[in-house]
Amino acid sequence: MAGSRRHPTVRLLCPKKSLLSPPSPSLRWLVGSPRFLPPLTVAAALRCLPGGADASSSSPDLQREADEIRGLLVRGFDVVGALHVGRSAEFGADARGALELARALRERLSGERASHGMVGGCVDAGTGEIQFLVSEGDGLEAVEAAGVVWEDEPGRLLWEKGCLLRCELPLKLPLYASSDDMSGIEARFFSLIESTVSKLRDPHVSYLIEGPLATRDESHYSVILHGNDLDSVSNLTHNESAEVYSANIVSCSKFFPAKRFNLSLTGENADAIQITILSNQSFNNSKANIPVVEYFPAPALASLRLINLKLDILCYSSVDLPVAAAVSELVIPGLADQLNVMKKAIVSELTTQQPQLCPYHFVPPGLFIPVTAIYDTRYGEIEEKQSELRRNLHLRLQLPLDRPLLRISNALKFSIGGTDKKASRNSSSLLRDVHREIPSSGVSGGIMSLIDGSYEYYHYLHDGIDDNGWGCAYRSLQTIVSWYKLQQYSSINVPSHREIQQVLVEIGDKDSSFIGSREWIGAIELSFVLDKLLGASCKIINVRSGDELPEKCRELAIHFETQGTPVMIGGGVLAYTLLGVDYNETSGDCAFLILDPHYTGSDDLKKIVNGGWCGWKKSVDSKGCSFFLKDKFYNLLLPQRPNMV
Amino acid sequence: MGMGVKAVVGDEAQLKALENTLSSSAPPAQVGLVVGKLSPSSDRALAYSLIPTPPTDAGDPPCSLQPKPKPKPKPADSTSSLDFDVDWVAEHARQVSRMLLGGMSVIGIYIWASEASFKATSPAVLSQVVRAVSQVVPLYDSAVDERLLIHISYSPRRSACRICDMSSGSLRPCDFKYSKLLASLQTFRCTYNFEIRVPVVQAEPFKKVVSKAISNLTKEVQNAKALIDGILFSDAMDNTLEGPHNVEFLVPFKNNLPAEECSLEGVSGLLLFAGSVSALAYLGPKESVSEAISDLKLDIITSLRSRLDIILDEADGESTTDNLENSLSQKAAQVVFHELRAPYSFPFPRRILIPWLAGSYVCDYLQQSETTEDAMERCREVMSLEADMGNYSIVEPESASCTTLGSFWDVVPGALSKAPSEPGRKEIQSAENGLRRTHGSSFSILAALVALLIALLVGYIFTFSAILKT
């Protein structure tokens, strides 16, 4: 290594933990934004997936990686390096190998060798020791990085000077083919896509650019750019001199309110500059030709297919970039990229039923930058191919494989035109997560294990059904189903009492007279219904006496840590929903977080918490009363988290 | 909305001038059209000009005093009621409406008659005339279906306006006042370039396919965003801008196929309907800019519809075989695209703008062999326009058209082009024939001849004397 050269520092925005799990030997592509972030900054890491059928080969399938990453990354972000994870025998060779692979991938992605600095790294999965090689410019020479900085506030670095642009472009492309000779259809399709891409820069194309609606009193700012404006700005940006910009060249920052409050990107409400592509029908005003009707007979009968494409892209840009440059250098190339990704997905099915491709944008937990996934909505989300696609994405983004995080309902919501999206999303008005602000359990030195995720609180008298005295288990079941629904495992509606009874009759557990009755159900019936409606399996724990319940605390704690689902407590007496346990293993002291379905009041959080309808219950309280009865048996129903994404 | 017209404002200069002319020439009765604006967003109707309906082909006046019924002799002469040639007035309305630009329509009729004979005429007869006019010139996007009936009485001399409700046929009086309108009109103009492709599957006649193309275009135009002098139009835009405005229309990129269009088998050819429309719309004082935008959009579509009507009218008309223009239109109208084996091209008539009142224009359409003289002649007859145009001259915004060269596979979108450029274009030979068309519709020829007769009968009527002078 040339000691005389300055040794650069690599800055990492992604947490170290995300780079190390799983610790099995693997490769991570490092993503940064050489144009808008400081050099050698890594914003995210994407896992390189093992190469398809040929899993034995250790070298990645670069073509496949490039194809998938092209669709995934938003324009403005690029692959800036690679990291080898594993037990490293030789740091230098592994890091150099990673660097070479990163360069090769980068070249496939953009069609040219990177002109910016690239990093190659190596991390020891055991010790967590991490080192980088850095190559500048042509990449022939690589120097060891002087150090690694883990950024504390990745959101601030990314979004203080950065912003998102979004462009939705629905296309309906007419594809003609000769009816008796379908062989030429592919070539025609490719040429149709190509001509569409090139038309995006026609002089008669206009771009409507609108800022997000930030606050109620601030109207959003909008600008129209014309095809000709793009060229002039592109030339200017390479000039690097800020003074050259004329007054009419607006930078992206102009579209946002002076003070941006929300610097972290959340799924509920993302701010983006909206770009709409329009065609100016009045372009070239001076030349008007008389309308002419022309007819062109086809030499032989032809067929027409309409190719429906819904393009939807995000771009990441510095707020200082002139918006015309952002359109020209990010948005249009981004649209071309997505069009080509879709082209590949469609071409094999041109003559059959077309896929209905829909792009969605996500910022899954652990990631600070948005990614785009293109789903085929033809057969719904549950379809096998779509599940497989999501599984792969989970792997690549290092997300858990038993939590749906990339479902359509997880996608980023953009605030457009002041429409209140919140209201329409939460169609249900029921209270959620009522345990959030309850007083502590009073177990000293205990470890709390709680459910993972949101649920809705169902209790007596909801939906105008008078189930006082018999419906508590039904209500507990409804709360459990709501958890599955809110966690995106299912899209079914929470079943009513009658629907629950119908299921039990359908599966032969009950006679048809059961429907409409006021008969109780228990843990076993709940497990049947969960299996039938959600395909969810359950574990059941039996105790002969309420006294034995504290003994089950360890098992319940494990349940909440690994499964995180609400538990139903049934048995000889009343049914409850259990949301967590607080357990001191040494002293044996414990408390149960109970959500009580017997509440008959209004959905008033204060009343519910103060009345103890949701709260910690010790098996024996300070007055010596037992919560669980000694002379009654109890069945605990532990629904299992589905192993799906 | 749903409010009816409450007040009518007439252009002072125009209406007063016509009243003066009428009282000096003093015909016993006259009927004509009210050109103006009924805006859906306002309860105020604007009457820009009154245009007398010329005599019929046979030389009869379209409005006359009914001969007194013999069995019931009555002493007073003045009680004879009015009699109308309803079809003729309606035909006049159709022709006038074709010549009006955006923001102006035929919004009713006026009647010059004595108070007594007006009163002697049954309201049913009056509303029948108004209804006949409204049926040939339907007003688009108007929630209220009402028209005006202006009565200019000569004894005693005064003007009054009634509102005629088209659904009930009832007449109700309303406020009528004069103001300066035409001189304060704002002009909005644009060129709209379009390219509509319609795949032809079945044996479909010319009219059907071209109408389909126009209705496809209608959807595109109606949803277009507008730039006014380069600024994106929004509802917040105020109406205090000065001068004529240039409007540009923006439509979604490459998404202009109609929604119902789906995949098709057995496509026998492609109809390409392409070109430009030079459109114009006028905005009255105190009206909103959004009104002007929708009128401009409407002008684009009505201009194309009118041109198609002209082609079809000519083909329908009892044509003389030696008239080449007619036979060309006839041929076009009879084309069944499905059966064609060679590329086919037919240019639409060309729009020209003819100076009208107070710096405003009306329009006409020229077939290939016609000249602006033909248009001027039609204008004189239909609009009773004088030859003197002052400082203004005829504007010819649409130029000789180009036609596409190539075959079906060259013109379908995303054609595998051998050359990277667009398909070649060549100028159409506009003077394909040496024949001159002598007249437009049957309406206009006879009108010219009959004008003389009327003039002699009724004395010197200012409007028709203009024709004699030429």
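1. Basis of the model. This is a predicted model in which local features need pLDDT of at least 70 and side-chain atom pairs count only at pLDDT 80 or more, while totals for chains, interfaces and linings use all residues. Residues are numbered from 1 along each chain as its sequence is written, chains are lettered from A and ligands numbered from 1 in the order in which they are written, and side-chain values use heavy atoms, with hydrogens and water left out.

2. A sheet in chain A. An open sheet of chain A has three strands in the order β3-β1-β9, with parallel pairing. β3 (41-42) and β9 (147-150) of chain A each have a single partner strand and stand at the edges, so one side of each is left without a neighbour in the sheet. Strands are DSSP runs of E, at least two residues, and helices are runs of H or I, at least four residues, numbered from the N terminus; two strands pair if DSSP finds at least two bridges between them.

3. Pairing of β1 and β9. Strand β1 (residues 9-12) of chain A runs parallel to β9(A) and is joined to it by four bridges. The bridge partner of A:V10 in β9(A) is A:V148.

4. Extent of the A–B contact. Chain A contributes 52 residues and chain B 75 residues to the contact, where contact means heavy atoms within 4.5 Å. The two chains bury about 5600 Å² between them, 59% of it on carbon and sulfur atoms; buried area is the accessible area (1.4 Å probe) lost on putting the two parts together, summed over both. A:V293, A:Y295 and A:F296 supply 16% of the area that chain A buries against chain B, more than any other three residues.

5. Among the elements that give two or more residues to the side of chain A that touches chain B are α5 (185-199) and β14 (292-318) of chain A. β14(A) gives the most, with 15 residues.

6. β13(A) pairs with strand β13 (residues 245-252) of chain B in the antiparallel sense, over three bridges. In β13(B), B:L250 is the bridge partner of A:N280.

7. Annotated span. UniProt, in an unreviewed entry, lists residues 448-637 of chain A as "domain: UFSP1/2/DUB catalytic"; such annotations may be inferred rather than shown by experiment. The end C-alpha atoms of residues 448-637 of chain A lie 20 Å apart, and the span is 28% helix and 19% strand.
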